Amino acid sequence: MMTATRIHSEKKSIVILGAGFGGLRTAILLAKALRRARLTNRYALYLIDRNSYHTYTPTLYEVATTSKETANYIQLRDIVTFDVASLVSGFPEINFIHDAITALDLPNGDIHCGGHEMKFDYLVLAMGSETNYFDIPGLHEHSLPLKSFMDAIVLRDRVLARYAEGGTLRIVIGGGGSTGVELAGELQGWFTELRAKIHLACAPTVTIIEGAPTILTGYASGIIAKAAARLSHLGVTVITSERITGVTSAEVTLQSGHTAPYDILIWTGGVRAAALMGSLPLKRESKGRVEVAGEMQCFPQTGDLKLYETIYGIGDAVCFFDPVTKKPVPLVARAALIQADIVASNIMRQILIAEKRRHSVALLRYHPVEYPYIIPVGGKYAIAKIGPFIFSGFLAWILKGLIELSYLSSILPPGRTVITWLKGLRIFLRNDRLG
């Protein structure tokens, strides 16, 4: 058995677990702040992730529906995944560790990974989420998820192979949230291309099954109505108020007792915090996510956890209740990026007090807002909500591309941001066949 390497440092350690949008941005902001404060000789900054790459998840539905003639595996990988070591290469303050976290001992400040062990003085939990199968019998074994680049490639190859066989191709998507809706619309556009290229008698159908009374639960009614109309126009069947209760290799069983046969089942029906989060002595909300306060600090489960003021959480790994609506803040990239700004600033404020650079300083608080959002629904068509305004069509699709450019700029240097965005734009312009 391999013995884990113990990382010893005379410096105090700031450890960020997870190199998603929030974790990566927190690391970069802290590296800049430590450099400005000339404290790099006293504080070590670690970023740990089980993957060696960062995945740009908003475009996975496009990857899953891009023909091999349009873009090969390497071309798609280069616009969707980014080597973390390369992303932080301009920041020598960041020590990236490619390893899986196996255990966290918060009271003693210990982090255990597959090949490393270390202490922390400040900790940021940014491990994201994983697919939630809700213990539905057979669902995990027989469905395809869409959470990673390889998930998207596997889905693409499965659809292509099944389409090439001809006959019927019944695709069922479990979950009518944004991912399910985006994927359903894009699949219908892809089938238009495949019909022209693969001259076989194949009759594909796409069905969304959603347990709530409508698709896109939690979104504005105007968004829901436009999305439902667009899906109907594209030929997508939508079944609502029906939960999947069981899955076999050939069909899904619904709560009503009805069954729905399928050839490919895709599950986009829910996520949960990373499994490791559930074992931590931190306060959790009813669905199991760790709660955070306005300063993005984690609440202790019991009073004997003395380190809680130096333990932060951001993004999908935690739950922040909006003090106005009393509802959890949506799990979107924009929220994670803003939370990263808050966390990086608050850790630096605590450090400046510890270094006696400041006598006291108030920590920043996260104030959620109604973030603008855009949902693409097949081809060069999207639905956008900015403040009270809802609009759809080609203009919203253009705005989607600009928002993707903004997201990329949060993790990539300016030159690489533009090059990567243009490469993706070229591929996805060819990919979006429908107007």
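1. Let's start with a word you'll meet throughout: helices are DSSP runs of H or I with at least four residues, and they are numbered from the N terminus. Keep in mind too that this is a predicted model.

2. Which helices each supply at least two residues of the lining of the second largest pocket? They are H3 (73-80), H10 (394-409) and H11 (414-431). The pocket itself has a volume of about 200 Å³. Its lining counts 18 residues, and the closest to the centre are Glu-404, Trp-421, Gly-424, Leu-425 and Phe-428. Sorted by class, the lining comes to 10 nonpolar, 4 polar and 4 charged residues.

3. The side chain of Glu-404 pairs with that of Lys-400, with N and O 3.2 Å apart. Both residues sit in helix H10, 4 residues apart, or about one turn of the helix. Are the two partners buried or exposed? Lys-400 has a relative accessible area of 10%, so it is buried. Glu-404 comes out at 13%, so it counts as buried as well. The cut-off behind both calls is that buried means under 20%.

4. Now the salt bridges as a set: the structure holds 15 of them. One of them joins Asp-78 to Arg-77, with the closest N and O atoms 3.5 Å apart. Asp-78 has a relative accessibility of 36%, so it counts as partly exposed. Arg-77 is partly exposed too, because its value is 32%.

5. E24 itself covers residues 382-386. Lys-385, at 10%, counts as buried. The contact between these two side chains is also listed as a polar contact of 2.5 Å.

6. Next, a charged residue without such a partner. Where is Glu-210 found? Look in the loop between strand E13 (202-209) and helix H8 (221-234). Glu-210 is buried yet has no salt bridge, and the nearest side chain of opposite charge, Arg-243, is 9.2 Å away. A salt bridge needs the nitrogen and the carboxyl oxygen to be within 4 Å. What does lie beside the Glu-210 side chain is the backbone nitrogen of Gly-176, which is 2.6 Å from one of its polar atoms.

7. A search of the whole structure turns up 1 cavity of 30 Å³ or more. The largest cavity holds about 70 Å³ of space. Its lining has 13 residues, with Gly-315, Val-329, Pro-330, Leu-331 and Gln-339 nearest the centre. By class, that lining splits into 9 nonpolar, 2 polar and 2 charged residues.

8. Which elements each supply at least two residues of this cavity's lining? Strand E22 (318-319) and helix H9 (333-354) do. H9 gives the most to the lining, with 3 residues. Helix H9 is also where you will find Ala-336. Ala-336 is buried, because its relative accessible area is 8%. If you set Ala-336 against Ile-48, the residues are 288 apart along the chain, and their C-alpha atoms are separated by 17 Å.

9. Last, here is another pair for your distance tool. Ile-264 belongs to strand E18, which spans residues 264-267. At 2% relative accessibility, Ile-264 counts as buried.

Technical notes: Residues are numbered from 1 along each chain as its sequence is written. This is a predicted model: local features need pLDDT of at least 70, side-chain atom pairs count only at pLDDT 80 or more; totals for chains, interfaces and linings use all residues. Side-chain values use heavy atoms; hydrogens and water are left out. On a 1 Å grid over the protein atoms alone, a cavity is a set of points where a 1.4 Å probe fits but cannot get out, and a pocket is an open set with protein on both sides within 12 Å along at least five of seven lines; lining residues have an atom within 4 Å of a point. Grid points are joined across faces, edges and corners, and a volume is the space filled by probe spheres set on the points. Ala, Val, Leu, Ile, Met, Phe, Trp, Tyr, Cys and Pro count as nonpolar, Asp, Glu, Lys and Arg as charged, and the others, Gly among them, as polar. Buried means under 20% relative accessible area, exposed over 50%, partly exposed in between (1.4 Å probe, protein chains only). Lys and Arg count as positive and Asp and Glu as negative; His and the chain ends are not counted. A polar contact is a pair of N or O atoms within 3.5 Å; within protein, one must be able to donate a hydrogen and the other to accept it, and residues adjacent in sequence count only if both atoms are side-chain atoms.
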